[in-house]
Amino acid sequence: MVKRNLFLMSSSAVHGFGYLEHAQTDLTSFFESNSVQKVLFIPYALTDYDAYTEKVGSVLKRWGFSCKGIHTYPDPCAAVQQAEAIYIGGGNTFLLLRTLYEKQLIDPIRDRVLNHGVPYVGSSAGTNVATRSIHTTNDMPIVYPPSFEALGLVPFNINPHYIDPDVNGTHKGETRPERISQFHELNDAPVLGLREGSTLFVGGESATLIGPPTKLPGVSYGARLFRKNQEPVEFEPLSSLSFLLKEDA
């Protein structure tokens, strides 16, 4: 059985750290353990592909990995077929998913990751599209993809950048838990609220929540799991979430 290898970050930019720095140790280990030297970066969540690829690639290069944008290949599907690792960055999730559909990359990426064990890294929007659907993204629908169904690399949804309600705040708009509750009025899939600095690492049938090596004072890491008609459950870094991989897809 092929081992699924996923590194799903809430965000690339985290307070108190340089770009991607909060995940440096774990992401480097993730690539090295999978014998990755070259990373295929998919910048479709933003519009300046060259600048975005350079931003991510400059960091990975310092860590010892090469990075090339999928937009520089004449055939994106062939690039996916040859990739040692696939990294999809953040930005607007609707734009990202629409572009993946337009370039007919949904099935090739899913096949490479689930059937061939190609390591997958997602950040923010890249984490959103790794799940069942993008119904629990925080982004504005600036474009309309042909479907909200995503790559389905895991059988649940994730809400990146999860923010706990401010009990002392004056803002009276909807909180994140309220929005997730609205999702559950019409959907059954569990939703993992992934706080900033937190990452879900999936290796085969094992899923572990991890956080940055340095915990900043007053900052909450970890995740909050929401299920339909149930109270949310808190999980700290290093918690096992393997049970979520057994959800009915």
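Let's start with the overall fold: the chain is built from 7 helices and 11 strands. Keep in mind that this is a predicted model.

How does the radius of gyration of the chain fit a compact globule? For 249 residues, such a globule would have a value near 18 Å, and the chain has 17 Å, which agrees. Along its principal axes, the C-alpha trace spans about 50 × 40 × 40 Å. Of the residues, 51% count as buried.

Now for the charges. The chain carries 21 positive and 26 negative side chains, and the centres of these two sets lie 2 Å apart. Side chains of opposite charge can pair when their charged atoms come close. A search of the whole structure finds 8 salt bridges, and the table shows some of them.

| Pair | Closest N to O distance |
|---|---|
| Asp107 and Arg110 | 2.8 Å |
| Lys228 and Asp188 | 3.1 Å |

Lys228 and Asp188 link distant parts of the chain, 40 residues apart. Lys228 sits in the loop between strands E10 and E11, while Asp188 sits in the loop between helix H7 and strand E7. Lys228 is partly exposed at 29% relative accessibility, and Asp188 is exposed at 60%.

Asp107 and Arg110 both belong to helix H5, where being 3 residues apart means about one helical turn between them. Asp107 is exposed, whereas Arg110 is partly exposed.

Finally, Asp164, Arg195, Arg224 and Glu234 are linked in a network of salt bridges.

Note on methods:
Residues are numbered from 1 along each chain as its sequence is written. This is a predicted model: local features need pLDDT of at least 70, side-chain atom pairs count only at pLDDT 80 or more; totals for chains, interfaces and linings use all residues. Side-chain values use heavy atoms; hydrogens and water are left out. Helices (H or I, at least four residues) and strands (E, at least two) are DSSP runs, numbered from the N terminus. The radius of gyration is taken over C-alpha atoms; the globule rule is 2.2 Å times the number of residues to the power 0.38. Buried means under 20% relative accessible area, exposed over 50%, partly exposed in between (1.4 Å probe, protein chains only). Lys and Arg count as positive and Asp and Glu as negative; His and the chain ends are not counted. The place of a charge is taken as NZ of Lys, CZ of Arg, CG of Asp or CD of Glu. A salt bridge is a side-chain nitrogen of Lys or Arg within 4 Å of a carboxyl oxygen of Asp or Glu.
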